[in-house]
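Biologist: I would like to go through this model with you. Please show it first.

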Amino acid sequence: SSTALLFARTGLSPSQMRNRFGIIGMPLVEQGAKFLAPCRFDDEIVVESEVGEWGRSSFTVLHRILNGGTLAVDAFEKRVWAMADADRPGRIKAVPIPREIMACLTDPTGATRLAP
């Protein structure tokens, strides 16, 4: 997915991220899309993804799909940084997003990375 490719900029694989920060993942809690122009089989598209907003424990990823330079899809997904809830077995809880993750994904050069 485009969000997985975006988070690859941190330098960590999903399993390394889970081990390092103790998370279970980044569950999707909201999404939306506006379909503005068609994309057909064999069209070469460009997908642009970035974190548009950081919250304490949530973030919104913005996705733009361009087809021949024309905006075809304008979409978003809201996710939470989540770990297992020790007080409620079988449940998860949102926890603060580590600053080093935010630093990696807000560096416009893409040079900020975490060592595995």
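Modeller: Questions and answers on the fold, the strands, the core and single residues follow.

This is a predicted model, where local features need pLDDT of at least 70, side-chain atom pairs count only at pLDDT 80 or more, and totals for chains, interfaces and linings use all residues. Residues are numbered from 1 along each chain as its sequence is written, and side-chain values use heavy atoms, with hydrogens and water left out.

Biologist: In what order do the elements of the protein run from the N terminus on?

Modeller: Helices (H or I, at least four residues) and strands (E, at least two) are DSSP runs, numbered from the N terminus. The protein has three helices and six strands. Their order is α-α-β-β-β-β-β-β-α.

Biologist: What percentage of the 116 residues count as buried?

Modeller: Buried means under 20% relative accessible area, exposed over 50%, and partly exposed in between (1.4 Å probe, protein chains only). The C-alpha trace spans about 50 × 30 × 25 Å along its principal axes. Of the 116 residues, the buried share is 31%.

Biologist: Among contacts between residues at least 6 apart in sequence, what percentage join residues at least 24 apart?

Modeller: Contact means heavy atoms within 4.5 Å. Among contacts between residues at least 6 apart in sequence, the share that joins residues at least 24 apart is 57%.

Biologist: Which residue of E4 is the bridge partner of Ala33?

Modeller: Two strands pair if DSSP finds at least two bridges between them. Strand E1 (residues 28–35) and strand E4 (residues 70–80) run antiparallel, joined by seven bridges. In E4, the partner of Ala33 is Ala75.

Biologist: Which residue takes a positive phi in the hairpin of E3 and E4?

Modeller: This hairpin has two residues between the strands. The residue with a positive phi, near 65°, is Gly68.

Biologist: Why are the buried residues of helix H3 on the same side?

Modeller: The buried residues in H3 (residues 99–106) are Ile101, Met102, Cys104 and Leu105. They lie on the same side of H3 because the arc they cover around the axis is only 160°. That arc is taken from the directions from the helix axis to the C-beta atoms. The buried residues pack against helix H1 (2–7), helix H2 (14–21) and strand E2 (45–54).

Biologist: Which residues lining the largest pocket are the closest to its centre?

Modeller: On a 1 Å grid over the protein atoms alone, a pocket is an open set of points where a 1.4 Å probe fits, with protein on both sides within 12 Å along at least five of seven lines; lining residues have an atom within 4 Å of a point. The largest pocket holds about 220 Å³ of space. H1 and H2 each supply at least two residues of its lining. Of the 15 lining residues, the closest to the centre are Ala4, Phe7, Pro14, Met17 and Met26.

Biologist: Is Phe59 buried or exposed?

Modeller: Phe59 is found in strand E3. Phe59 touches residues beyond four places away in sequence, among them Phe7, Met26, Val51 and Trp54. With a relative accessible area of 1%, Phe59 is buried.

Biologist: What is the relative accessible area of Ser58?

Modeller: Ser58 lies in strand E3 (residues 58–67). Not counting residues up to four places away in sequence, Ser58 touches Glu53, Lys78, Arg79, Val80 and Ile97. Ser58 counts as buried, and its relative accessible area is 17%.

Biologist: Does Asp42 count as buried or exposed?

Modeller: Asp42 lies in the loop between E1 and E2. Phi of Asp42 is near 75°, a positive value in a residue other than glycine. At 78% relative accessibility, Asp42 counts as exposed.

Biologist: How many Å apart in space are Asp87 and Ser57?

Modeller: Asp87 is in the loop between strand E5 (82–84) and strand E6 (92–94). Asp87 is exposed, at 69% relative accessible area. Asp87 and Ser57 are 30 residues apart in sequence, and C-alpha to C-alpha they are apart by 18 Å.

Key: Points joined across faces, edges and corners; volume = space filled by probe spheres on them.
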